[in-house]
Amino acid sequence: MKHESGWKKKSKTEIADLFEFSEGYKKFLDEAKTEREAVRAIQDILSVSGFSQDWVADKAYSINRGKEIIVFVKGTQSLADGFNIIVAHVDAPRLDLKQNPLYEDVGLGLLKTHYYGGIKKYQWVATPLALHGVLVKPDGREINLVIGENEDEPVFSIDDLLPHLSRKTQDEKKLSEAIDGEKLTLLFGSIPLNGEDKDAVKKYILNILHEKYGIEEEDFVSAEIEVVPAFKARDVGIDKSMIGAYGQDDRVSAYTLLKAISEVLEPKRSCLAIFVDKEEIGSEGNTSMRSHFFRVFIDEMCEKLKLNCSEALIRKMLFQSRALSADVNGAMNPTFQDVHEKQNACYLGRGLCITKFTGHGGKVGANDAHAEYVAEIRRIFNNKGILWQTGELGKIDEGGGGTVAKFLAEYGMDIIDCGTPILSMHSPFEISSKLDVYETYRAFKAFLRS
Ligand code: MN
Ligand code: MN
């Protein structure tokens, strides 16, 4: 096994191509900071690529509650042969506003949050944050909110303690306990309403919310407002070889999959691209990979294409399918190399990473792909000259993690994890290599066409 930088294997033209590809990716990251925004951005790109929700053509898609989207491209072979499926997730770790978030203390207006997914809480303080989300009125009216992305809009921030006074309260504690979840409160305002003694700042804020956005305090109860980093995707490194941005886990898979599926014309096997929600909290809920929406979509496909699909045929279609569980992997960290097993780790700039199994404590909770299937994937990627590597998520018993692979494996299909290596995963500023992002796209396209 040779391990060398993928950059050495790329021509000048290829490097220009992958730099160009990353421009579209960065734009997508800026437009898709929540699962709802990701679904809307995916829908926009699909629409211009000739996909529709009415199944008139051989390519169609369906959306589940604005948070999950499944895309179909009809192949030339019989559907009984099964699909080529790639699944990616569009949710990312973040802070959600609580349902009764607003309060006033020491003359400041504050918003309470409840974190979503596996964050390191200390990374979310003292950094500019934006609000993205929706409030739904009892009559069904929706107020869509994005505040903090444009230069003329305010941003928000969570206050950290000054180092001069943090010795006992933070510095002597474990890192995981230095910032308490209940202390992740957003600084939201500070001007008191004239003529009010009690909660004057809160009242002033409520006035602004009402006048500018039509929001009442009770509207937060039926709202999903997500707190995300306010900065945009940027090139990283003096050679601009990397991308730094929020939410690359797993919108890097989502974007590369979106580009791949929208460019696949008349494939041999019918293709499905699944963009799911709620992966970061264990795929629970009706917009996750465990939701029956996937089966409902298959039923809809049979009905719209006027196929006579029995239960038995659908079971066979899924059993005969093969799939990629697209998700990022933790790249070799230059300053914390000890958590990786170097011979079985993935590295930035060496192409996408194939991960045979995930899980923790002796592969518990893993989908472990069969050797025969891994060989098939190697063949597909090698035939197209895709740069790939193999890697586990860290050393044995160092921690671990899972993906949605096991939920699709339940249907009996072959599935394997693969995706882009990432540094600073789950942080507000995740890092990827432009080369790896491009190879992920090329690999997905090769798989869908195979
Ligand atoms: Mn992920
Ligand atoms: Mn994740």
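Throughout this tour, a residue is called buried when its relative accessible area is under 20%, exposed when that area is over 50%, and partly exposed in between, with a 1.4 Å probe and protein chains only. By that rule Arg379 is partly exposed, because its relative accessible area is 46%. This is a predicted model, in which local features need pLDDT of at least 70 and side-chain atom pairs count only at pLDDT 80 or more, while totals for chains, interfaces and linings use all residues. Residues are numbered from 1 along each chain as its sequence is written, chains are lettered from A and ligands numbered from 1 in the order in which they are written, and side-chain values use heavy atoms, with hydrogens and water left out.

Let us step back to the whole chain. Its secondary structure comprises 11 helices and 20 strands; these are DSSP runs numbered from the N terminus, with helices being H or I of at least four residues and strands E of at least two. The C-alpha trace spans about 75 × 50 × 45 Å along its principal axes. For 450 residues, a compact globule would have a radius of gyration near 22 Å, and the 23 Å of this chain agrees with that. Here the radius of gyration is taken over C-alpha atoms, and the globule rule is 2.2 Å times the number of residues to the power 0.38. Of the 450 residues, 52% count as buried.

Now for the charged pairs. Side chains of opposite charge can pair when their charged atoms come close. A salt bridge is counted when a side-chain nitrogen of Lys or Arg lies within 4 Å of a carboxyl oxygen of Asp or Glu, and the model has 30 of them by this rule. Lys137 sits in the loop between β6 (129-136) and β7 (142-147), and Asp219 in the loop between α5 (200-213) and β10 (223-229), so the pair ties together parts that are 82 residues apart in sequence. Lys137 counts as buried because its relative accessibility is 10%, and Asp219 is buried too, with a relative accessible area of 7%.

In helix α7 (residues 293-304), Lys304 and Glu300 are 4 residues apart, about one turn of the helix, and their side chains form a salt bridge of 3.8 Å, N to O. Lys304 is partly exposed, at a relative accessible area of 35%. There is also a network of salt bridges that links Glu23, Lys26, Asp235 and Lys434.

Patches are built from residues with over 30% relative accessible area and no salt bridge, joining like charges within 9 Å and nonpolar side chains (Val, Leu, Ile, Met, Phe, Trp, Tyr) within 5 Å. Lys and Arg count as positive and Asp and Glu as negative, while His and the chain ends are not counted; the place of a charge is NZ of Lys, CZ of Arg, CG of Asp or CD of Glu. Arg379 belongs to a positive surface patch with Lys268, Lys384 and Arg449, and its place is in helix α9 (residues 371-383). Arg378 is also in helix α9 and is partly exposed at 44% relative accessibility.

Leu165 lies in the loop between β8 (157-158) and α3 (167-171) and is exposed at 57% relative accessibility.

Finally, look at the backbone. Most residues other than glycine have a negative phi, and most peptide bonds are trans. Trp55, although not a glycine, has a positive phi of about 60°; this residue is in the loop between α2 (35-48) and β1 (59-64) and is buried at 5% relative accessible area. Arg65 likewise has a positive phi, of about 55°, and is exposed at 55%. The peptide bond from Asp249 to Asp250 is cis, with omega near 15°, and Asp250 is in helix α6 (residues 248-263).

Key:
Accessible areas come from the Shrake-Rupley method with a 1.4 Å probe; for residues, only the protein chains shown count as cover.
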